[in-house]
Amino acid sequence: MDVEFQHISKNFGSVKALTDVSLTARSGTIHGLIGENGAGKSTLMKILTGYQSKSSGSILLDGVEVQLNNPGQASEFGIGMLYQEPMDFPPLTVLENFSLGTPHQSRQELHFALKTLSIRFGFDLNPDRPVELLTVGERQQIELLRLIHCSIKVLVLDEPTTGISPAQKEALFPALKQLAADGMTILLVSHKLEEVANLCSEVTVLRHGKLTHHTTAPFHFPKLLTAMFGFVPKRSDRSDTRDTGPPILIFKDIEASGERQGLHRCNLTIAEGEVIGLAGLDGAGQSTFLRLAAGLISPDQGKVILFSDPLPYGAKASIRAQELHTAFIPADRLEESLFARISLRDHFSLREEHGMFWQSRTETRKRAEEAIATFSIKGTPEDLAEDLSGGNQQRLLLSLLNRNSRLILLENPTRGLDIQSGQWIWQHLRDELSPDTTIIFSSPELDEILHYCDRIIVFHDGLIVLDSAVPETSHDAIAAVMTGIRESAP
Amino acid sequence: MMGDLSLPMLIASVLAASAPLIIIALGETLAEKSGVINLSLDGAVLFAAMAAFVVARETDSLLFGFFAGGCAGMLTGVIVGYFSIYLHLSQVAVGFALSLLCRDLAYFLGNPYSRVQGPTMLNSKLPFYDSLPSSLQIILTQPLTVWLALLLVAVIYYFFSFSKAGLCLRSVGENPAASFARGLNPAKIQMLAVLGGAFLVGIGGAAYSLSLKPGWGRPQGAEGIGWIGLALVIFGGWNPIRVALGAMLFAFLQVSGIGLQDLFPGIPSQVFQTAPFPLMIFTLIFMHYSTSRSRKQGYSSGRLQRIAGKLFMSRAPKGLGQSYRQE
């Protein structure tokens with residue numbers, strides 16, 4: 001089904017999110033929609049699915065103008081969207097999530113459909129598990145399978161690879177190509193150029209809500225980048241390896257539950273000043289590792305020794321870890337680290353340690369304004385955290401970080417961010433903070449890990465399968481162990 | 001009285017006393033599962049009890065009485081639903097104010113019918129009554145409301161756990177934005193849930209004035225029951241079976257209080273009348289500690305633990321009390 005946008009505009013109050021955007025996505029093709037964070041890509045797609053209303057313009061399906069006032073109507077036309085943030089029901093099971101919004105079918109039929117689709121795409125999903133125990137990537141998988149099960153004709157993917165691992169990506173991409181070859185129209189929203197180049201036959205670039213470029217394959221990257229950013233962002237060379245100090249974090253015979261497989265037989269020593277990347281398939285143990293170090297979960301067996309001080313068990317652990325200047329920034333910013341409906345200013349007054357009863361509004365306002373200036377956050381002190389874009393939320397989190405932090409734990413720090421925001425975050429982490437600060441982060445992007453860290457730790461099914469200095473290993477070797485291929489014994 | 005209160009008698013009175021409470025608490029569960037707190041429960045129960053009694057007396061028909069009770073309950077549901085779902089007003093404020101309004105309205109409108117005779121639902125003998133042993137004869141001779149309450153527990157449990165409509169309703173209570181994204185209409189589903197729930201609340205109110213505590217007056221005897229119903233939904237962890245068990249536990253505490261009073265004449269009677277409330281709180285604390293381990297872990301590996309978790313762990317619907325605004 002051909003999808004045609006004609007002169008779409010969308011205003012949020014006085015803010016123009018989209019101005020006069022027209023584009024056509026043809027049946028049987030994958031059409032890329034790229035642009036910076038906040039360029040209007042998601043808004044345009046949400047208008048197509050009826051999730052948001054448009055201010056003006058029209059949408060044509062196969063040349064016929066249609067009214068798409070809500071997602072229900074859109075799905076009757078066969079339009080479905082995979083949202084960037086999982087749009088699902090965490091306490092409900094995988095199967096229940098899969099069945100919501102699909103035409104009525106018996107439990108057995110749905111069960112069978114889920115199983116068949118999982119096998120076809122190489123996903124590993126337990127139908128009876130509550131979704132809240134799954135990773136973001138796995139939650140996206142369920143939704144994708146559901147949309148395919150609904151036999152939709154137009155599939156919108158908003159940053160589909162944000163939460164998934166390279167191996168899953170390799171299963172997903174051919175599947176998407178196959179779906180397009182079968183006649184589906186796919187709109188792919190992304191800011192990862194490699195992915196777009198890999199998949200799409202046509203690309204449209206949005207910048208500040210306006211269409212700046214439209215082209216068909218083959219793509220000329222510099223041109224696309226100029227259209228996206230106005231200039232080509234530099235990808236600096238690999239950062240220098242830092243000097244390291246005494247050990248600060250020791251994992252001793254750790255056995256812990258969490259994620260899919262937990263974390264087993266984990267012995268590690270991490271020194272001051274190291275920058276460590278945690279690689280692995282989604283849910284292989286990286287998040288458990290980070291949460292153990294942050295004291296958010298306690299190991300079933302073994303000890304976490306932080307700054308030569310064993311962490312206590314239970315709720316005290318995280319308080320102790322914070323006293324020792326350990327900071328943790330989770331992947332899910334709004335759910336786990338920011339207060340969605342509290343203003344930026346109030347985030348700063350919450351951080352204040354003094355004055356339980358009295359807070360100076362001018363004081364905290366000044367602090368917020370300073371942070372907005374230094375961290376170039378797009379927003380005002382009175383904006384709510386949920387109104388910021390992903391990149392700006394991450395900047396806000398960094399600005400809230402204690403300057404004296406000695407160990408910073410980050411779970412997928414550039415999740416959902418465009419290249420520029422990501423580079424900004426890393427520049428801040430590596431250059432603005434003291435070089436004694438230890439940084440441990442997980443990321444599904446192998447490039448990011450190889451680029452920014454000095455040492456890489458690879459997880460597979462709850463075990464550490466590789467622990468090496470970055471210069472001594474290679475992209476291919478890491479990718480192999482991540483997917484479970486062991487080097488054959490010599 | 002405890003002395004001559006035999007076990008079958010005790011069970012029979014617990015069943016009878018819990019039936020209206022079960023219906024009321026189930027009605028509230030229905031609404032809360034969709035994400036809307038109907039805080040007008042206490043007033044709604046009285047208002048429905050009054051309406052049911054008045055209509056039953058005027059028409060001399062119990063059926064019309066129950067129907068009128070249900071409709072009166074639904075009327076409060078319309079107000080709570082419209083104000084909170086469509087006008088996005090605070091569910092707590094609307095419900096609370098409405099609760100007080102309904103109570104006073106019930107006393108005012110019901111005043112002419114205070115302490116007058118009216119139709120009462122009698123205990124009905126089962127068709128195979130004669131073939132039962134005498135203890136079962138005592139237990140199973142109950143007003144129809146008891147059977148209705150037990151039937152509703154099963155129906156609502158099935159509805160939530162196995163039906164597509166129930167799943168849609170629960171999904172709205174968990175994450176209305178995601179329900180909307182999947183083509184459902186959260187406002188409509190919530191409104192239906194609130195109306196259905198409020199109808200049940202009204203039936204529960206009618207069960208008081210037409211069966212358990214027949215007649216109308218000030219006080220009627222159903223005062224405070226709405227608040228207990230609200231507490232029971234939390235006590236029962238939004239699970240219909242546990243909610244019903246909670247109602248029975250409360251009824252048991254009430255009934256045994258009366259019996260114990262005779263057994264220990266030295267203790268002031270107020271102690272026994274108040275006892276059910278603190279005992280409920282103790283039960284909650286007990287439950288908290290017995291399940292705290294699996295709660296911390298978030299999930300458990302053992303099968304038994306999983307079942308225990310399902311039985312005792314309670315988590316409110318995520319969207320409870322928040323009004324959803326479409327983007």
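The model is predicted: local features need pLDDT of at least 70, side-chain atom pairs count only at pLDDT 80 or more, and totals for chains, interfaces and linings use all residues. Residues are numbered from 1 along each chain as its sequence is written, and chains are lettered from A and ligands numbered from 1 in the order in which they are written.

Two residues are in contact if their C-beta atoms, placed from the backbone, lie within 7 Å. Between the chains, 20 residues of chain B and 17 residues of chain A take part. On the side of chain B that touches chain A, the elements giving two or more residues are α7 (164-174) and α8 (176-181) of chain B. Six residues, the largest share of that side, come from α7(B). Helices (H or I, at least four residues) and strands (E, at least two) are DSSP runs, numbered from the N terminus.

Chain A is assigned domain 1 (3-229) and domain 2 (247-325 + 402-482); such bounds come from an automatic or database domain assignment. The centres of these domains of chain A, taken over C-alpha atoms, are 31 Å apart. Their contact takes 16 residues from domain 1 of chain A and 14 residues from domain 2 of chain A. On the side of domain 1 of chain A that touches domain 2 of chain A, α5 (136-149) and α6 (166-181) of chain A are the elements that give two or more residues. The largest share of this side, three residues, is from α6(A).

The table gives the residue classes of two of the sides.
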